[in-house]
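This report goes through the fold, the nonpolar cores and a few selected residues of one protein model. The sequence and structure come first.

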Amino acid sequence: MKLRATLIGFAAILMWSFLALFTSASGKMPPFQLSAVCFAIGSIPGLVVLFLNPSRLALLKQPAKVWLTGIAGLFGYHFLYFTALRNAPAVEAGLVAYLWPLLIVVGSALLPGERLRWYHVTGALAGLCGTFLIVARNGIDFNGAYAVGYGAAFLSAFTWSGYSLLTRRFDAVSTDVVTGFCLATSLLSLVCHLGLETTVWPATGFEWLAVIGLGLLPVGAAFYAWDYGVKNGDIQILGAASYAAPLLSTLILTLFGFAEPSWRIALACLLVTGGAVLAAQDMFRRRIQPPVAAE
């Protein structure tokens, strides 16, 4: 059960690795408009499930703290992340924002039944170093003039890690509620778009396909998979393995001609993969441990 849930959580990380490719191909739609459209699309699979099985609507009746956590996690993270990108260089902002996997691994020690080991932290730090090689390939320069952007990026890391850790405490809550989280995030993003941005629609059918792909996978199914994974899987392994997302994203961009291969990518691959394997050794031990003979 735990292995299956952890693998489902891995599926979310794999889907997030397509975020940059689909976003690059989606045209010039401003971020909050794109978020509103994609989260609306992302809610469709959940709405279909609820339509086919109306009895599951009862699962949406949850305490206010569940709804506040989910909406703050999805909308709050994206709001802060977009604010960071608007107020600081993308490389530096992305590096700060991607502290969330490390925060998940360290913060997991506070969860009931979890125990933080040296190899969890070491694996997460190795992944962070690999991510650094990817996002800082053109150099970094933390400038005090971008303090607002850096602060927003740091808060976004805390928001997503906090959401993931708190979700683990709501393990009895059905993943069906993610449908409601997506709808609420879409609505709040629409409000931000109408107040802050100018509407720009995709210009071609290919751009529309990219937007639909975003909504169905990285900004849709991935959140359902992540919710199930962190509730029922090994959250420490998922936290360390999350550093694979920027690496896989870079590999995918390279495959499709949006980036050039380099030694940095190869070294980052070793760091991220090695860190994930190190952090996951508990799971490997459980898989190879021989059964205890009955007396």
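## Burial and basis of the model

Of the 295 residues of the protein, 50% count as buried, where buried means under 20% relative accessible area, exposed over 50%, and partly exposed in between (1.4 Å probe, protein chains only). The model is predicted: local features need pLDDT of at least 70, side-chain atom pairs count only at pLDDT 80 or more, and totals for chains, interfaces and linings use all residues. Residues are numbered from 1 along each chain as its sequence is written, and side-chain values use heavy atoms, with hydrogens and water left out.

## Overall fold

The protein has 15 helices and 0 strands; helices (H or I, at least four residues) and strands (E, at least two) are DSSP runs, numbered from the N terminus. Its radius of gyration is 19 Å, close to the 19 Å that the globule rule gives for 295 residues, so the protein is as compact as a globular protein of that length. The radius is taken over C-alpha atoms, and the rule is 2.2 Å times the number of residues to the power 0.38. Along the principal axes, the C-alpha trace spans about 70 × 55 × 35 Å.

Among contacts (heavy atoms within 4.5 Å) between residues at least 6 apart in sequence, 88% join residues at least 24 apart.

## Nonpolar cores

A nonpolar core is a set of buried Ala, Val, Leu, Ile, Met, Phe, Trp, Tyr and Cys residues joined through side-chain atoms within 4.5 Å. The largest has 55 residues, and those with the most contacts inside it are Trp16, Leu74, Trp100, Trp160, Phe223 and Trp226. Helix H11 (residues 205-232) gives the most to this core, with 9 residues. Apart from it lies another core, of 8 residues, among them Ala88, Ala93, Ala152 and Ala153.

Not counting residues up to four places away in sequence, Trp16 touches Trp100, Trp160, Pro218, Ala222, Phe223 and Trp226.

## His193 and Thr198

His193 lies in helix H10 (residues 177-196) and is buried, with a relative accessible area of 3%. Beyond four places in sequence, His193 touches Pro30, Phe32, Gln33, Thr198 and Thr199.

Thr198 sits in the loop between H10 and H11 and counts as exposed, at 61% relative accessibility. With neighbours within four places left aside, Thr198 is in contact with Pro30, Gln33 and His193.

Asn232 is in helix H11 and is partly exposed, with a relative accessible area of 24%. Not counting residues up to four places away, Asn232 touches Met1, Lys2 and Ala5. The C-alpha atoms of Asn232 and Thr6, 226 residues apart along the chain, are separated by 7.3 Å.

Phe256 is found in the loop between helix H13 (244-255) and helix H14 (263-279). Phe256 is exposed, with a relative accessible area of 52%. Its C-alpha atom and that of Leu21, 235 residues apart along the chain, are separated by 8.5 Å.
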